[in-house]
Amino acid sequence: MPIKIAPSILSADFCDLPNLIGLLEKGKADDLHLDIMDGHFVPNITFGPPVVRSIRKITKFPLDAHLMVENPEFFFDDFAAAGARSITVHAEACRHLHRVVQTIKKTGLRAGVALNPATPLQVLDFLLADLDLVLVMTVNPGWGGQEFISGMLHKIRELREMLIRSGSQADLQVDGGINRDNVKAVVEAGANHLVIGSALLREENPVAALHEYRLAAKAAYIDSWWHDRISSKGE
Ligand SMILES: O=C(CO)[C@H](O)[C@H](O)COP(=O)(O)O
Ligand SMILES: [Fe+2]
């Protein structure tokens, strides 16, 4: 199973974005994580489709939109037209989560569902087969630079069990407070798609840091409990 690293630009200086994205390309990140906040679902606002369209013009990175918004379905066409590759909605923001996921897929994008720390995994029981990505929030959404909630390691492990049992190929993404101290633990628990925001942007040399994160994550995967479970299925 591929390990993917998705830098979040939430805490970046947006005037310096072309330079930063150039460094992330040089460091061979896998995709860009775009945090979209509406001031309702979370008490913070960020940016919308016009900024995504501008980012699309300066990079070939797949753009992964993490929508922390109410009524996310209002925006799918706009994010698709702006060049997003995947859309992740919050289970807590969707009254009709199944329908919302089908709508993302009809738009032609990869579909993801994010769960806040307090939301149980069972909300995914009848949805897993439809998902390309499940995002376990390891902070409460709203801001970059928060502290990783270590109690989420257990949830990551349980979700990986669910994905293996159901034969799902969905990425297990973790987002919030990922840094050099916990990267090994999240991958060992079951994550394969790591969103890294402020910890990466704080690095003096993000290119070298990306390389080191990848090495650490790959080693943790090979040592993990779930590596053999996936390999034994011939994947
Ligand atoms: O969704 C998010 C916050 O709601 C961000 O993606 C996340 O917090 C990444 O930033 P950091 O690594 O600094 O925590
Ligand atoms: Fe995010």
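A residue is called buried if 20 or more other C-beta atoms lie within 10 Å of its own, and exposed if 12 or fewer do. The legends below apply these terms to a predicted model.

**Figure 1. Helix α5 and its buried residues.** The buried residues of α5 are M152, L153, K155, I156, L159, R160 and L163. Seen down the axis of α5, these buried residues fall within an arc of 155°, so they line one face of the helix. An α-helix has 3.6 residues a turn, so residues three or four places apart point the same way. On the other side of α5, H154 and R165 are exposed.

**Figure 2. The length and the end of helix α5.** Helix α5 covers residues 152–166, which is 15 residues. At 1.5 Å a residue, α5 should span 21 Å, and this agrees with its end C-alpha atoms, which are 21 Å apart. The residue that follows α5 is G167, and its phi is positive, near 75°.

Figure 3. G108 lies in the loop between α4 (97–106) and β5 (110–115). Inside 10 Å, G108 has 9 C-beta neighbours. A residue with 12 or fewer is exposed, and G108 therefore counts as exposed. S86 is 22 residues away from G108 along the chain, and the C-alpha atoms of the two residues are separated by 8.9 Å.

**Figure 4. The protein chain as the setting of these views.** The protein chain contains nine helices and eight strands. Its radius of gyration is 16 Å, close to the 18 Å that the globule rule gives for 235 residues, so the chain is as compact as a globular protein of that length. Along the principal axes, the C-alpha atoms of the protein chain fill a box of roughly 45 × 45 × 30 Å. Of the 235 residues in the chain, 43% are buried. Among contacts between residues at least 6 apart in sequence, 65% join residues at least 24 apart.

Technical notes:
Residues numbered from 1 in each chain as written. Chains lettered and ligands numbered in written order. Predicted model: local features only at pLDDT ≥ 70, side-chain atom pairs only at ≥ 80, totals over all residues. Helix = DSSP H or I, 4+ residues; strand = E, 2+ residues; numbered from the N terminus. Rg over C-alpha atoms; globule rule 2.2 N^0.38 Å. Contact = placed C-beta atoms within 7 Å. Expected span 1.5 Å × (residues − 1). Arc of directions from axis to C-beta.
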